[in-house]
Amino acid sequence: MQDIFDVVNEISSYVTPTKEEREKLDSAVQIVKKRMEERGIRYEIGGSYARDTWLSGDADVDFFMLYHPEWGADKINSVGMSDAEGVLSEYPHWKRFAEHPYLEGLVNGVKVNLVPCADAKPGIWITSMDRSRYHTLYLKQFLNDELRRQIRVLKLFLKANDLYGAEVKIGGFSGYVTEILTIKYGSFVDVLKGALTWKKGTVISLTENPPSKEFNTPIVILDPVDSNRNLAAAIRPSNIAKFILIAAKFLRSPSTSFFFFL
């Protein structure tokens with residue numbers, strides 16, 4: 001059996017982006033930023049790139065394109081997708097759908113996501129993506145190099161066990177949830193230990209504010225920028241149970257084998 005902290009350190013070195021990877025991403029970001037600014041498009045960069053929690057070998061960059069809230073969701077989506085087509089016109093790109101459409105493309109080998117949203121005030125959401133920029137602003141106040149290292153280890157643990165990603169076909173833990181859990185518990189190992197205490201009705205929150213309503217999920221993970229939103233709603237109950245089971249197995253017998261696809 002391997003020492004648990006030796007395992008974490010070994011995996012950490014594996015998932016931490018290299019200088020060359022960072023330079024590649026930064027170069028692509030500069031290209032998109034220039035093309036946005038040439039067209040007078042207001043934007044903010046979010047997601048794991050902005051929070052520096054992305055995994056080596058698995059990176060993309062989210063650009064949130066900001067439009068007048070009074071336009072409404074339909075016009076924002078229409079104008080935003082047209083603008084995004086212009087920005088990525090010289091690069092391979094395709095339309096994707098989350099809760100509303102966005103454009104995904106490849107800029108010099110780097111995946112970028114151009115996401116139209118409203119320049120909305122907190123709590124006055126126009127589109128389903130308006131919260132995302134506030135996620136980055138909120139989490140950055142907690143993040144440091146050690147927490148980022150722990151987040152990366154947890155992300156790979158989830159990916160290797162088919163538990164990562166909030167898409168319907170996966171029903172797993174999103175990157176944002178992974179970050180919230182690590183900040184809440186303090187480390188990868190403590191997230192696993194915390195999971196062993198979860199029971200029906202457990203509420204996980206970074207704030208002292210109670211849930212604003214009742215949620216019918218095995219556990220509740222509150223979005224710190226919107227107490228009406230339960231992030232655990234996207235996680236299948238079976239995947240919560242699977243995570244608890246694998247966490248227990250890892251804590252009982254730590255090994256790097258838990259982190260690689262078999």
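The model is predicted, so I kept local features to pLDDT of at least 70 and side-chain atom pairs to pLDDT 80 or more, while totals for chains, interfaces and linings use all residues. Residues are numbered from 1 along each chain as its sequence is written, and side-chain values use heavy atoms, with hydrogens and water left out.

I then looked up Lys75, which lies over the face of Trp71 at 4.3 Å from the ring centre (NZ of Lys or CZ of Arg within 6 Å of the ring centre and within 35 degrees of the ring normal).

Next I turned to Leu106, which I found in strand β4, residues 101-107 (strands are DSSP runs of E, at least two residues, numbered from the N terminus). Leu106 is partly exposed at a relative accessible area of 33% (between 20%, under which a residue is buried, and 50%, over which it is exposed; 1.4 Å probe, protein chains only). Leaving aside residues up to four places away in sequence, I found Leu106 touching Tyr91, Pro92, Trp94 and Lys111 (heavy atoms within 4.5 Å).

Last, I checked β6 and strand β7 (residues 219-223), which pair in the parallel sense over three bridges (pairing needs at least two DSSP bridges). Ile204 stands opposite Ile221 in β7.

Technical notes
Helices (H or I, at least four residues) and strands (E, at least two) are DSSP runs, numbered from the N terminus.
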